[in-house]
Amino acid sequence: MSQSGNAMIGKLDINDEKYYYVGVKASPFASDCIVFGLNSDEILALSKRFPNSGTDVVNGVMIKGSPFSIINALAELGYRVICSTGEAEMLWTLQRES
């Protein structure tokens, strides 16, 4: 592609914007969830809000609370749900800007 073609469509610079993603996996009726992708400060904040939480699981952490309570708590930390998938067990993907 020519240089003028690049200028016309623009260049993608992955350093322009930074987003962080986490996943919340649970049944909608569960009393606990597995959350993937949290940093240590976020794990600490959720563990304080949801007692008896913080158990490590493969690539994530177990949080003792209903999925919607945890999603609402993550919203207070700046996350928003961008997609979900599943039926009996769901995975919600959340995003926040840096």
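Trainee: Which side chain meets Lys-64 in a salt bridge?

Mentor: The side chain of Asp-32, at 3.7 Å from N to O. Keep in mind that this is a predicted model.

Trainee: Where do the two partners sit?

Mentor: Lys-64 is in the loop between β4 and α3, and Asp-32 is in the loop between β1 and β2. The pair links distant parts of the chain, 32 residues apart.

Trainee: How many salt bridges does the count come to?

Mentor: Four. Another of them joins Glu-42 and Arg-96, with the closest N and O atoms 3.2 Å apart.

Trainee: Which parts does that pair tie together?

Mentor: Glu-42 lies in helix α2 and Arg-96 in strand β6, so the pair ties together parts that are 54 residues apart in sequence.

Trainee: Are Glu-42 and Arg-96 buried or exposed?

Mentor: Both are buried. For Glu-42 the relative accessible area is 7%.

Trainee: Why does 7% make Glu-42 buried?

Mentor: Because buried means under 20% relative accessible area, and Glu-42 has 7%.

Trainee: What else is Glu-42 in contact with?

Mentor: Leaving aside neighbours within four places in sequence, Glu-42 is in contact with Gly-37, Leu-77, Tyr-79 and Arg-96.

Trainee: OK, next bridge. What does Arg-49 meet?

Mentor: Glu-76, in a salt bridge of 2.9 Å, N to O. Arg-49 is in helix α2 and Glu-76 in helix α3, 27 residues apart.

Trainee: And the accessibility of Arg-49?

Mentor: Arg-49 has 45% and counts as partly exposed. Glu-76 has 58% and counts as exposed.

Trainee: Let's look at α3. Which of its residues are buried?

Mentor: Pro-67, Ile-70, Ile-71, Ala-73 and Leu-74, in a helix that runs over residues 67-76.

Trainee: Why are they on the same side of α3?

Mentor: They cover an arc of only 160 degrees around the axis, which puts them on the same side.

Trainee: What covers the buried residues of α3?

Mentor: The cover includes β1 (19-26), β2 (33-36), α2 (40-49), β4 (60-63), β5 and β6 (90-97).

Trainee: What is Leu-74 in contact with?

Mentor: Val-22, Val-24, Leu-38, Leu-46, Tyr-79 and Leu-94, leaving aside neighbours within four places in sequence.

Trainee: And Phe-68? Where is that?

Mentor: In helix α3. Phe-68 is partly exposed, with a relative accessible area of 45%.

Trainee: What does Phe-68 touch?

Mentor: Pro-28 and Trp-92, not counting residues up to four places away in sequence. Phe-68 and Pro-28 are 40 residues apart in sequence, yet 7.7 Å apart in space, C-alpha to C-alpha.

Trainee: What follows α3?

Mentor: Gly-78, whose phi is positive, near 105 degrees.

Trainee: Which residue other than glycine has a positive phi?

Mentor: Asn-52 is one of them, with phi near 65 degrees. Asn-59 also has a positive phi near 65 degrees. Most residues other than glycine have a negative phi.

Trainee: Where are those two? Start with Asn-52.

Mentor: Asn-52 is in the loop between α2 and β3 (55-57). Asn-59 lies in the loop between β3 and β4.

Trainee: Is Asn-52 buried or exposed?

Mentor: Exposed, with a relative accessible area of 69%. Asn-59 counts as exposed as well, at 68%.

Trainee: Last topic, the surface. Which residues form a nonpolar patch there?

Mentor: Tyr-19, Tyr-21 and Ile-82, with about 270 Å² of accessible area together.

Trainee: Where is Ile-82?

Mentor: In strand β5, residues 80-86. Ile-82 is partly exposed, with a relative accessible area of 37%.

Note on methods
Residues are numbered from 1 along each chain as its sequence is written. This is a predicted model: local features need pLDDT of at least 70, side-chain atom pairs count only at pLDDT 80 or more; totals for chains, interfaces and linings use all residues. Side-chain values use heavy atoms; hydrogens and water are left out. Patches are made of residues with over 30% relative accessible area and no salt bridge: like charges are joined within 9 Å, nonpolar side chains (Val, Leu, Ile, Met, Phe, Trp, Tyr) within 5 Å. Accessible areas come from the Shrake-Rupley method with a 1.4 Å probe; for residues, only the protein chains shown count as cover. Helices (H or I, at least four residues) and strands (E, at least two) are DSSP runs, numbered from the N terminus. Buried means under 20% relative accessible area, exposed over 50%, partly exposed in between (1.4 Å probe, protein chains only). The arc is that of the directions from the helix axis to the C-beta atoms. Contact means heavy atoms within 4.5 Å.
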